Amino acid sequence: MSKMKVFSSCVLVILLMVCAVFLFELHGCTPRVSVPDDAVAGERESEGSGPAVVSRQDFPLPIVEEWVLPTVVSITGADSEAGLAAAWGFDYGVKTVNEQGGIRELPVRIAIRDAASSENAVRTEIGQAAADSALIVLGPSTEESYTAGGQTFYSVGMPALGAATDDMSRDRYQPFAISCIADPGSEAVSAIETWVRAEQFTRVFIFNSYIYDDRTKLAEEALLASGKEVAERFEVGHDAFDAASVAERAIASGADAYYIDMSGEDTLRIIRQLHFLAGEAASALKILCGPQAADMALIESAEDGEMLGVRVWATLDPNRGVEKRRAFDEAFERSVGDLAYYSLAVDYYQAALMLKEAFDELRLTGAPEELESERRKLALHLYNTGFIATDQGDFIIEAGSKFTAAKLYTITENGFQS
């Protein structure tokens, strides 16, 4: 064999070996993931105009085995009813998150810290949660206790997702003060304004439970500001009331519209009587129900065709996840029962889903050396969170304040129509 032929054979073998190595690298065991540039913001820049190519190692994995979320609420003392409802709602939300695979594929659990309705205890428990390297603290569940703990979580740079419903706390402790509780006052005004634009009426009779007195006053002010006349406001106290005589009183007042802010059961009693008195004109009655009426009792009555023509102001969407809502309501009734804190339980339920979105989006790790950085990332993210969709309603967070648009639904033969 000539030297030229030997040389050519060697070159051919080398080329075949290079091709084999190239093919192995292309299709071999080293995984490569193509992702959009913004998915690895701050990690590495993409070269050229195409998407960045990163390995799994560019996405740091959590160093914890489970996410423990300290929840500072009052289980004892004067604020215990609110604290128990908040803790129950958050626990229910955490269970829902775990059913969805947890946070970053890890389980989640809450760790209750009893604030005992004491401002000093609030500060102590928040401080201890911070010392235990918590990324975030849930609660406290009342405005007063949240304000009391503000300086504590702010000084250590730890976000607190709770009852920061006042502008002062959110501004003073930004971006670490975030409210998971919607402002029912602004929603009441929004609902009334929507109702006024949708229907023609001049004189309104108002029914409300004493529990919702503050919100009903805001609704009344909104009606008066829109040029409507309030015929009377009937407030129900702790005792049972005669729905038939109250409905007759409302009809006799000459009102051509009715605003009801009571529990679903009491709302249903009033509406049945109004419908009975109106006879064939029942479906033409102009009735707006407050958010507490949007529970399963009202939904089931609507499904039975009892509520035709009624408008429902619902912070929850009766068209979405009815079975999940039914399960939530039944569990709430068994475990808590007090409808005065139903909305609080919903708010804290949503807070758990809000945290799942934030932890997953930020790819938090829980690493001690990243604690300060991850706390701040989480605070900034939560302070202006985008649209969050849950089975219990949709919301956004702007400047630390939870916002849910008031939704009005008319009950027709075809169900709830928004």
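**Salt bridges**

I started with K356 and D360, which form a salt bridge with the closest N and O atoms 3.1 Å apart. This is a predicted model, so I keep that in mind for every number here. Both residues sit in helix α12 (residues 342-362), and because they are four residues apart there, about one helical turn separates them. Buried or exposed, I wondered about K356? K356 counts as buried, at 16% relative accessibility. The cut-off for buried is under 20%. D360, at 28%, is partly exposed.

Next I asked how many salt bridges the rule gives. The count is 20. I picked R203 with E229, where the closest N and O atoms are 2.4 Å apart. R203 is in strand β8 and E229 in strand β9, so this pair ties together parts 26 residues apart in sequence. I find both partly exposed: R203 has a relative accessible area of 22%, and E229 has 43%.

The other pair I looked up was E306 and R272, whose side chains meet in a salt bridge at 3.0 Å, N to O. Here the link is between distant parts of the chain, 34 residues apart: E306 is in the loop between α10 (296-303) and β12, and R272 is in helix α9. E306 is partly exposed at 31%, and R272 is partly exposed too, at 40%.

F276 is exposed, with a relative accessible area of 66%. Which residues make the nonpolar surface patch? I get I251, F276 and L277, and the patch is about 300 Å².

**The seven-stranded sheet**

I traced an open sheet of seven strands, ordered β9-β8-β10-β11-β12-β16-β17, with mixed pairing. At the edges I have β9 (229-236) and β17 (415-417), each pairing on one side only. From one strand to the next, the twist averages 25°. Then I checked what packs on the sheet: helix α6 (residues 184-198) does, touching β8 (203-209), β10 (257-261), β11 (287-289), β12 (310-314) and β16. The direction of α6 makes about 150° with that of β12.

At the β17 end, I see strand β16 (residues 407-412) pairing with β17 in the antiparallel sense, over three bridges. What is the bridge partner of T410 in β17? It is Q417.

**The three-stranded sheet**

I also found an open sheet of three strands, in the order β13-β14-β15, with antiparallel pairing. Its edge strands are β13 (388-390) and β15 (401-403), each pairing on one side only. Neighbouring strands here are turned by 30° against each other on average, direction ignored. Strand β14 (residues 393-398) and β15 are joined by three bridges and run antiparallel. I noted E398 standing opposite S401 in β15.

**Y92**

Last, I looked up Y92, which is in helix α2 (residues 80-99). What does Y92 contact, leaving aside its neighbours within four places in sequence? I list K324, A327, F328, A331 and Y349. I also took the C-alpha separation of Y92 and V346: the two are 254 residues apart along the chain, with 9.4 Å between those atoms.

Definitions and conventions
Residues numbered from 1 in each chain as written. Predicted model: local features only at pLDDT ≥ 70, side-chain atom pairs only at ≥ 80, totals over all residues. Heavy atoms only, no water. Pairing = 2+ DSSP bridges. Helix = DSSP H or I, 4+ residues; strand = E, 2+ residues; numbered from the N terminus. Axes fitted to C-alpha atoms, helices over the stretch in contact; angles between N-to-C directions. Contact = heavy atoms within 4.5 Å. Patch = residues over 30% accessible without salt bridge, like charges linked within 9 Å, V, L, I, M, F, W, Y side chains within 5 Å. Areas by Shrake-Rupley, 256 points an atom, 1.4 Å probe, with all protein chains shown as cover. Salt bridge = Lys/Arg side-chain N within 4 Å of Asp/Glu carboxyl O. Buried < 20%, exposed > 50% of the residue type's maximum accessible area, 1.4 Å probe, protein only.
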